[in-house]
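Take a walk through this protein, one piece at a time. Keep the sequence and the 3D view side by side.

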Amino acid sequence: FPFPYAPYRIQEQFMEALYGALEAGRVGIFESPTGTGKSLSLICGALSWLRDWEERRRQDEARLLALGAGGQARQPGSADTAEQPDWVTAFVQKKEERDMLDRLQEEQIRRKKREDNLEKIRHNVQLKYAAKRKRCEEDEAKRLLQLSKEALSQGAAEGALDQLEHNEEELILAEYESDDEKKVVSGLEEDDDDLEEEHVTKIYYCSRTHSQLSQFVREVQKSPFGKDIRLVSLGSRQNLCVNEEVRRLGALQLINDRCMEMQKNKHEKKSDEETEGKKRRVGRAVCPFYSYEQMQFLRDEVLVEVKDIEQLVSLGRETKACPYYGSRFAIPAAQLVVLPYQMLLHEPTRNAAGIKLKDQVVIIDEAHNLIDTITCIHSAEVSGSQLCCAHSQLSQYMERYRKRLKAKNLMYIKQILYLLEQFVGILGGNVNQNPACQAVSQTGTVLKSINDFLFQSQIDNINLFKVQRYCEKSLISRKLFGFVERYEGPASAVKTNKENQKLAGLQNFLLTLQQESDKKGDPPVEAEHDQLRAASPLMHIEGFLSALTNANQDGRVILNRQGTVGQSSLKFLLLNPAVHFAKVVDECRAVIIAGGTMQPVADFREQLLCCAGVDPARIVEFSCGHVIPPENILPIILCSGPSNQQLEFTYQTRDLPQMMEETGRILCNLCNVIPGGVVCFFPSYEYEKQVYGHWEKTGLLSRLAAKKKIFQEPKKANQVEQVLVEYAKCIKRCSQTGGQMTGALLLSVVGGKMSEGINFSDDLGRCVIMVGMPYPNIKSPELQEKMTWLDRTMPRAAGQAPSRVLIENLCMKAVNQSIGRAIRHQKDFASILLLDHRYARPAIFNKLPQWIRERTQVKPAFGSAFAELRKVRTCPVLCS
């Protein structure tokens, strides 16, 4: 593969290791800096293996079919059997051979039919025009039919049941039957062949965000496989929905619930229309894009030509077909499925999307935060305000529609109300009072096992699995949200007729929450209130109930009692992410965990793979160097500053004035000799703000500003792009005009918006400075519980406790991600400065990326380090 991203020797090593891992069916941990074209190399190597594997499989099938047709298949009693089998064994063996041959023939016929159909679509433009013309004719017919129905239904507006208001019928829950009582059957009129289509061997390529996936798909389009690969991009409804009415809901959970409700309406529509002689039901909205025929057409279009998510959405609008479901229909026949790894790692989402991992290949790119992602996906938190608000809303809903709800619905609603009461009670509150006004008598944080929490809450007699399944299938959170949306508003605007008097309590409760928040001026409460308005609190509570169904040893429940009941919260913390990742590893043929900066990899091997039961012999690790020459990077560990002050930014010493002043003097000296952009990372926003204020008082800030214009990383995500644009403009302007100002200085934060996913290439990042070591807050209850769990379950490594290794690994992962922002391509160059003598310790030093570690210099004094930096500035290779 003649890619320009890397020298052939690196590319060859990378491909050989990847091909070997896929061929042997192993779990690979691959580290390759961005300059090697990692993502495209991964997929091209995997597709090359897949092409060879399919060719070998087809040859084996052809050989077996030829033997079967010629009557030369292995017969019982041949030379390879020690004894002559009896007639029963002979019959069974013959039947198995016939079944195998029939299965192979059917698979060949199905594959040939699919390939011929896709080839026909690919080369026959007339089919597209015919399909488009047919859609226009159907749309016109539907419009005329709708006009006729409206004409017939004029004057029948009084058909609502029991004096319910217009369209209020859709807020009532349908009769619920559990899975044990009724097998859910899809209402679509699918073809059996399409339903039972066997999944071909494929590659699931996962990355972190939709933008990264779109960029990757565009690279695949330009690759040697771009013309004939069958690729499908998966995404959430929030990214793929083309129904503007649903998209306007904004929140992902609301979009999901609304979409599922419209499907259910479509399935129930036929049975409602067939009911004669009964009162006419109020019409329920169905999605016009949920057309099976059009989604089949969209599926074929997706398989014929590689499309990213934006192109898929445009195609869905053009064909009036749902891209979300159309792309799912394309999964069985696809060779490459591109999706966010949150979708693959969450089993319910994976099953709902129709993803089958049995004997497939999974590549997880940008996997440096894979453990944290799995932990976050399966953790959940609810506040006291959300619990009280959900209880109030659900109580009002039940009172409003009590006479129209079936017995099973009422039973489950009462169970949910009881759960909410007990949850608020364990926080020290009462659901019938305003949570913002209820003071908590005993504040603090308490951690409990799942079983202890259930017993203390007195809910151990309730089957949470059934309650969770009811919430999921009844769409109760969506109904409740529609109910609140219908009646939420100023108290004066609430109708006072007999029907709506009972709802005044709900309005007063919501208004009280808002007023208390306004009086106190507390930003977290205000933000939480905005969140409550954006989505039903019951949706968050459903996630918490789902988390409580984990095994007792795999998680903890954190009771955080703070000030008032509204500010208090319940949080489920997943301790063992391997329990969820094990299902992926067990089913797949091979799993590749890849990233540009994966060091240290011990976490992946021990916490994720060994705990998941993966045989150590199945794990293979590969790390290749960067594409830049050695002279293009200068990593330095600086142990002391210009005034010989030892650099040790611990929690006890980093706030000292002399430490902050020494940091400022280092930056002043560097900004005098380094052109372009300098990016300085601090451990936290608070410390960056503290240092910035100290520099203002001492005059160091004005000295810095004389050479570099100073920018600060904003806390709000929507301001990051503006700061980066201004930063880049300033550097470009200074390089063109010259003068005393040589560029810009960007003060950033480790783990912030600019420490991942931002490319400070070329002049944007000629020097990256790391101030101190960004250790996590060990006083955090979540981290303390994780450390305790590791010490109890993991063996000691090299004489170190697992908890200590965890702290160091978390710190160094953050460091490695931040300092990797500078070198982004083969001709890039930069210097990296680590300001803390502790980086020179062997345990820490060995956790730097190999391509940085091999070139790192340890400088006890500032003078020698400054001399090296001056050499870099005058190096003809770097300045060319």
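Helices (H or I, at least four residues) and strands (E, at least two) are DSSP runs, numbered from the N terminus. This is a predicted model, in which local features need pLDDT of at least 70, side-chain atom pairs count only at pLDDT 80 or more, and totals for chains, interfaces and linings use all residues. Residues are numbered from 1 along each chain as its sequence is written, and side-chain values use heavy atoms, with hydrogens and water left out.

Find strand β2, residues 203–207. Five of its five residues are buried, so the rest of the structure largely encloses β2. Look at its two faces. Ile203, Tyr205 and Ser207 lie on one side, Tyr204 and Cys206 on the other, and all are buried. Next come its partners. Two strands pair if DSSP finds at least two bridges between them. β2 pairs with strand β4 (residues 336–340) in the parallel sense, over five bridges. In that pairing, Tyr205 stands opposite Val338. β2 also pairs with strand β5 (residues 361–364), again in the parallel sense, over four bridges. Here Ile203 has Val361 as its bridge partner.

Asp359 is in the loop between α14 (347–352) and β5. Asp359 is not a glycine, yet its phi is positive, about 60°. With a relative accessible area of 47%, Asp359 is partly exposed.

Now turn to strand β1, residues 27–31. Five of the five residues in β1 are buried, so this strand too is largely enclosed by the rest of the structure. Val27, Ile29 and Glu31 point one way, while Gly28 and Phe30 point the other. β1 pairs in the parallel sense with strand β11 (residues 619–623), over five bridges. Glu31 has Ser623 as its bridge partner there. β1 also runs parallel to β10, joined by five bridges. In β10, Gly28 is partnered by Ile592.

Follow the chain out of β10. The loop between β10 (590–595) and α25 (602–610) holds Thr597. Is Thr597 buried or exposed? Its relative accessibility is 12%, so Thr597 counts as buried. Contact means heavy atoms within 4.5 Å. Leaving aside neighbours within four places in sequence, Thr597 is in contact with Glu31, His368, Asn816, Gln817 and Pro849. Pro600 sits in the loop between β10 and α25 as well. The peptide bond from Gln599 to Pro600 is cis, with omega near -10°.

Helices come next. Helix α29 (residues 720–737) has 18 residues and reaches 26 Å from first C-alpha to last, close to the 26 Å expected at 1.5 Å a residue. That expected span is 1.5 Å times one less than the number of residues. Val720, Val723, Leu724, Tyr727, Cys730, Ile731 and Cys734 are buried in α29. They cover an arc of only 125° around the axis, which puts them on the same side of α29. The arc is that of the directions from the helix axis to the C-beta atoms. The buried residues of α29 pack against β13 (676–682), β14 (708–712) and β15 (743–749). The face turned away from the buried side carries exposed residues: Glu721, Gln722, Lys732, Gln736 and Thr737. Just after α29, Gly738 takes a positive phi of about 75°.

How do helices meet? Two packed helices are described by the angle between their axes and the distance between the axes. Axes are lines fitted to C-alpha atoms, for helices over the stretch in contact, and angles run from 0 to 180 degrees between N-to-C directions. Angles under 35 degrees count as roughly parallel, over 145 as roughly antiparallel, 65 to 115 as roughly perpendicular and the rest as oblique.

Take helix α30 (residues 781–793) and helix α31 (residues 802–819). Their axes come within 7 Å and cross at roughly 130°. α30 and α31 are therefore oblique to each other. Among the residues making the contact are Leu783 and Met787 of α30 and Leu806 and Leu810 of α31.

Finish with helix α17 (residues 407–426) and helix α23 (residues 537–547). Their axes come within 12 Å and cross at roughly 85°. That makes α17 roughly perpendicular to α23. Ile416, Leu419, Leu420 and Phe423 in α17 meet Leu538, Ile541, Phe544 and Leu545 in α23.

Methods:
Buried < 20%, exposed > 50% of the residue type's maximum accessible area, 1.4 Å probe, protein only.
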